[in-house]
Amino acid sequence: MNIPPLPESLLDEIAQVVGPRGHTRKGDEIAPYCRSWRDNWRGSVPMVVSPKSTDEVAQVVTLCARHQIPIVPQGGNTGLTGGSQPHDDDSEIILSTSRLNRIRSVDPTNNTMTVEAGCILQSIQLAAKEHDRLFPLSLAAEGSCQIGGNIATNAGGTQVLRYGSLRNLVLGLEVVLADGSLWEGLRGLRKDNTGYDMKQLFIGSEGTLGVITAAVIKLSPLPKERQTALIAVTEPLMAVTLLSNFQQRTGEQVTSFELIKRELFDFVFSHIPGSRDPFSQSHPWYVLVELDGQGDQGSLRPIMEELLTDGVECGLVADGVIAESADQADRLWHLRESIAEAQNHEGGSIKHDIALPLSSIADFIAEGTRELEVSFPGVRVAPFGHLGDGNLHFNVAQPVGADRETFEQQRGLINRIVHDLVATYSGSISAEHGIGRLRREENRRYKSVVEMALMRKIKEALDPNNIMNPGKVL
Ligand SMILES: Cc1cc2nc3c(=O)[nH]c(=O)nc-3n(C[C@H](O)[C@H](O)[C@H](O)COP(=O)(O)OP(=O)(O)OC[C@H]3O[C@@H](n4cnc5c(N)ncnc54)[C@H](O)[C@@H]3O)c2cc1C
């Protein structure tokens with residue numbers, strides 16, 4: 001289809017609203033906004049707009065609504081499902097929140113912080129720390145992703161087990177709606193039963209319902225002590241049992257519980273300079289576990305040791321190392337966080353971000369691995385992820401020496417095997433990365449007709465002209 005160019009007069013009007021520093025029309029400046037983090041989605045727009053205030057966002061959206069021009073909201077552009085990429089036809093504009101980057105206020109008594117959408121996640125963590133508080137969202141992209149993008153994707157990360165995902169960490173939102181009007185919902189309340197919970201509609205909506213401009217986020221006490229251990233186990237079921245033992249013994253103190261298959265560490269040791277195996281021998285699976293506490297320094301250490309010793313005695317634990325310092329803990333985390341980069345060096349990797357009931361995870365891994373290995377001999381099924389949340393990145397690496405392109409042509413078939421099995425186990429095909437464009441068609445296959453119809457009704461009610469990130473999610 002031949003799409004007419006966006007009207008120059010409109011682009012000029014938008015430029016006037018945001019001023020010369022608030023927009024670009026230069027191809028080389030626009031290009032990075034149009035490429036995804038993994039460079040697997042590319043698009044094109046005639047303009048990137050970066051308003052510096054909520055009022056400017058509202059004015060831009062009002063203009064776009066009047067001319068029915070689609071808007072792609074963009075934060076740090078680290079999303080993994082193509083949600084922040086425009087289509088490849090110059091029919092949309094990108095609205096970047098990067099200049100909406102003020103921390104408006106911190107209320108240590110209420111344990112809340114009011115932040116603008118473009119604040120980088122890491123800067124929020126640091127600001128919370130300055131007030132002796134913790135903002136617990138933590139993920140490998142935290143140096144680039146923005147809180148607006150985190151909220152729009154209901155981001156998860158490594159501490160969901162204890163603190164919940166973004167849905168649990170947001171108390172209020174400010175949102176520019178698709179007609180340009182402003183919903184001022186910046187409440188710092190933990191209880192509010194005055195009708196539908198509107199903020200939850202926008203959390204996880206991936207830019208399809210409005211532009212989030214600010215949020216009130218929940219803070220927690222800064223942990224006084226942290227213990228980190230890497231534990232070797234022989235199979236996933238042992239990791240699941242171990243998690244239960246940790247939780248029975250320490251309750252809420254288990255902050256992270258990450259499962260890693262050996263092959264992934266082999267990738268890391270081969271490709272990430274400076275990384276080395278903390279164990280003297282190889283084991284089939286590992287768990288990276290972290291305990292946080294408010295007690296005196298050193299009080300968690302005996303508990304971690306006791307849990308490891310008990311685990312060895314009852315045959316759950318093959319070996320374990322406890323970090324002796326924050327620096328050693330960082331090094332253990334670095335191994336975990338280098339997996340994505342290391343995988344890139346091993347050729348094609350077909351990725352899945354799935355959620356399952358914890359009680360089914362071990363069976364799922366066994367059955368999924370078997371099915372894939374039978375159907376695609378030589379593939380390397382390499383799951384890892386947030387086991388404590390029932391969330392696996394069930395990744396399938398190409399056979400050694402295979403042609404990448406030929407392997408990636410099997411993507412549809414591999415996805416079908418994995419996701420059909422996820423459905424059999426009553427799981428989800430997107431635990432934390434969202435739907436974007438990547439999982440849009442598949443979502444239709446696995447969600448019920450009634451649920452899809454409800455989602456469409458909400459979209460039609462809030463964005464009747466379909467200008468907010470069209471073609472994503474729905
Ligand atoms: C190395 C790496 C590790 C990662 N680890 C994790 C992880 O552990 N857990 C996890 O959940 N994710 C993870 N991600 C994915 C990604 O970081 C998250 O989805 C993150 O929340 C996206 O934030 P962003 O600011 O980059 O959003 P973007 O990529 O810019 O946008 C993501 C989506 O949100 C929409 N959006 C952005 N800002 C707004 C706004 N202000 N209003 C409305 N809509 C908006 C966009 O249109 C798009 O649909 C990882 C990514 C990378 C690259």
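**Notebook: domains, ligand shell, helices and sheets**

I began with the domain contact: 16 residues of domain 3 are in contact with 13 residues of domain 4. Here, contact means that the C-beta atoms of two residues, placed from the backbone, lie within 7 Å. This is a predicted model: local features need pLDDT of at least 70, side-chain atom pairs count only at pLDDT 80 or more, and totals for chains, interfaces and linings use all residues. Residue numbers start from 1 along each chain as its sequence is written.

**Domain 3 against domain 4**

I looked up which elements of domain 3 touch domain 4. Helix 9 (236–250), strand 13 (254–261) and helix 10 (262–271) each supply at least two residues of that side. Strand 13 gives the most, with 7 residues. Helices (H or I, at least four residues) and strands (E, at least two) are DSSP runs, numbered from the N terminus. By class, this side of domain 3 has 12 nonpolar, 1 polar and 3 charged residues. Ala, Val, Leu, Ile, Met, Phe, Trp, Tyr, Cys and Pro count as nonpolar; Asp, Glu, Lys and Arg count as charged; the others, Gly among them, count as polar. The C-alpha centres of domain 3 and domain 4 lie 23 Å apart.

I then noted the bounds: domain 1 (8–99), domain 2 (103–221), domain 3 (225–341) and domain 4 (346–433). They come from an automatic or database domain assignment.

**Ligand shell**

I listed what surrounds the ligand and found 37 residues. The closest are Gly-75, Gly-83, Gly-148, Gly-149 and Gly-207. The shell has 14 nonpolar, 20 polar and 3 charged residues.

Strand 3 (71–74), helix 5 (147–152) and strand 10 (210–218) each supply at least two shell residues. Helix 5 gives the most, with 4 residues. Domain 1 and domain 2 both give residues to the shell, so the ligand lies between them.

**Helix 1 and helix 3**

I checked how helix 1 (residues 8–18) sits against helix 3 (residues 54–67). Their axes come within 9 Å and cross at roughly 170°. Axes are lines fitted to C-alpha atoms, for helices over the stretch in contact, and angles run from 0 to 180 degrees between N-to-C directions. Helix 1 and helix 3 are therefore roughly antiparallel (over 145 degrees). On helix 1, the contact is made by Leu-10, Glu-13, Ile-14, Val-17 and Val-18. Helix 3 answers with Glu-56, Gln-59, Val-60, Leu-63 and His-67. This contact has 6 nonpolar, 2 polar and 2 charged residues.

I traced a sheet of 4 strands, in the order 1-2-4-3, with mixed pairing. Two strands pair if DSSP finds at least two bridges between them. Strand 1 (23–24) and strand 3 are the edge strands. Strand 3 pairs with strand 4 (residues 93–96) in the parallel sense over 4 bridges. Ile-71 stands opposite Ile-93 in strand 4.

I also traced a sheet of 5 strands, in the order 5-6-10-8-9, with antiparallel pairing. Strand 5 (103–107) and strand 9 (182–185) each have a single partner strand, so one side of each is left without a neighbour in the sheet. The twist averages 15° from one strand to the next. Strand 5 and strand 6 (residues 112–116) pair in the antiparallel sense over 4 bridges. Val-106 stands opposite Met-113 in strand 6. Helix 4 (residues 121–130) lies across strand 5 and strand 6, running at about 150° to strand 6.

Technical notes: A residue is near a molecule or strand if its C-beta atom, placed from the backbone, lies within 6 Å of it. Angles under 35 degrees count as roughly parallel, over 145 as roughly antiparallel, 65 to 115 as roughly perpendicular and the rest as oblique.
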